[in-house]
Amino acid sequence: MPDTTILEPLEADQWFVDSQDLREFVTQAREISLSTAHNREETLSALEPHFAALLKKTDWLPEQFAQPNPGSGLGGGIGQWLLFRAQDRSLSVFSLVIPPGSKTPIHDHLSWGLVGLYKGEQEETVYRRVDNGELAGYAQLEIVGVYQVQRGSIYRLLPPDGDIHSVKATTVFAPSVSIHVMGNDTGSILRHQYQLEQNTVRSFRSGYSNAPYKEQRTDYAKFH
Ligand SMILES: [Fe+2]
């Protein structure tokens, strides 16, 4: 079975926002990701203060990247706007815009990552898988915790146990906007969506609101 998280490299790094603050952050994230590749807990700890500094600045994210998207791959009008992705897809930064009252499906990310609140408020519910994963399409989850996330707050994603969650906007009038920095091309890969009551799981690709993913070359997994 080919690894569905392996995608063909892009031709070059892709920037969707022209911001010196974002460029500096991405440079720091690349260095940290490489130097701490042996321990992703360390990656997250080292990256967090830099991410906190980026979140404190309020003028680097253009307004079109803080808008909902009616045609969302996540449903509910949720915008997922790509801000940067690395040529080898080992790093991406995107904004996730959740309209008031909307909620993401329960999903995973299959990578280390940091999520920080840029605007508004969210409630995050974290899940853990408690079945052995051997039955195709079946998944049993338990709730690990429910967290209120305020502007400037940062939380971590780290597989396997810290990677499954759902997020809803708790702001009433305006969308909530979170920034994600991830160790993969999260919107492009095939990952998982869970249905809690039915105990089911299925593959999905969220895509991005402003950038296509490139389909993987079928022979790529064989040669890399
Ligand atoms: Fe997520």
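Is His165 buried or exposed? His165 is buried, with a relative accessible area of 2%, where buried means under 20%, exposed over 50% and partly exposed in between, computed with a 1.4 Å probe and the protein chains only. The structure is a predicted model, in which local features need pLDDT of at least 70, side-chain atom pairs count only at pLDDT 80 or more, and totals for chains, interfaces and linings use all residues. Residues are numbered from 1 along each chain as its sequence is written, and side-chain values use heavy atoms, with hydrogens and water left out.

**Overall fold**

- The chain contains three helices and 12 strands; helices (H or I, at least four residues) and strands (E, at least two) are DSSP runs numbered from the N terminus.
- The radius of gyration is 17 Å, close to the 17 Å that the globule rule gives for 224 residues, so the chain is as compact as a globular protein of that length. This radius is taken over C-alpha atoms, and the rule is 2.2 Å times the number of residues to the power 0.38.
- Along its principal axes, the C-alpha trace spans about 45 × 45 × 35 Å.
- Buried residues make up 46% of the 224 in the chain.
- The accessible surface amounts to about 10700 Å², and 51% of it belongs to carbon and sulfur atoms; areas come from the Shrake-Rupley method with a 1.4 Å probe, and for residues only the protein chains shown count as cover.
- Of the contacts (heavy atoms within 4.5 Å) between residues at least 6 apart in sequence, 73% join residues at least 24 apart.

**Iron site**

- The iron ion has His107 (NE2), His109 (NE2) and His165 (NE2) as its protein donors, lying 2.1 Å from it. Donors are N, O and S atoms within 2.8 Å of the metal (3.2 Å for Na, K and Ca), and sites may look incomplete because water is not among the atoms.
- The spacing of the donor residues in sequence is H-x1-H-x55-H.
- His107 belongs to strand β4 (residues 106-107) and His165 to strand β9 (residues 164-169), so the pair ties together parts that are 58 residues apart in sequence.
- His107 is buried, at 5% relative accessibility.

**Open sheet and hairpin**

- Six strands form an open sheet with antiparallel pairing, in the order β1-β2-β3-β10-β5-β8; two strands pair if DSSP finds at least two bridges between them.
- The edges of this sheet are β1 and β8 (154-157), each of which pairs on one side only.
- Strand β1 (residues 14-15) pairs with β2 in the antiparallel sense over two bridges, and Gln14 stands opposite Arg85 in β2.
- Strand β2 (residues 79-85) is mostly covered, with seven of its seven residues buried.
- β2 also pairs with strand β3 (residues 92-98), in the antiparallel sense over six bridges; Phe84 has Val93 in β3 as its bridge partner.
- The hairpin of β2 and β3 has six residues between the strands, and Arg89 in this hairpin takes a positive phi near 65 degrees.

- Thr186 is found in the loop between β10 (176-182) and β11 (191-195) and is buried, with a relative accessible area of 0%.
- The side chains of Thr186 and Asn184 make a polar contact of 2.6 Å. A polar contact is a pair of N or O atoms within 3.5 Å; within protein, one must be able to donate a hydrogen and the other to accept it, and residues adjacent in sequence count only if both atoms are side-chain atoms.
- Ser188 lies in the loop between β10 and β11 and counts as buried at 0% relative accessibility.
- The side chain of Ser188 is joined to that of Arg85 by a polar contact of 3.1 Å.
- Beyond neighbours within four places in sequence, the contacts of Ser188 include Leu7, Arg89 and Tyr213.

**Backbone features in other loops**

- Pro159 and Pro160 are joined by a cis peptide bond, with omega about 0 degrees; Pro160 lies in the loop between β8 and β9.
- Leu110, a residue other than glycine, has a positive phi near 60 degrees. Leu110 is placed in the loop between β4 and β5 (113-119) and is partly exposed at 33% relative accessibility.
- Asn199, likewise a residue other than glycine, has a positive phi near 55 degrees. Asn199 lies in the loop between β11 and β12 (200-204) and is partly exposed at 23% relative accessibility.
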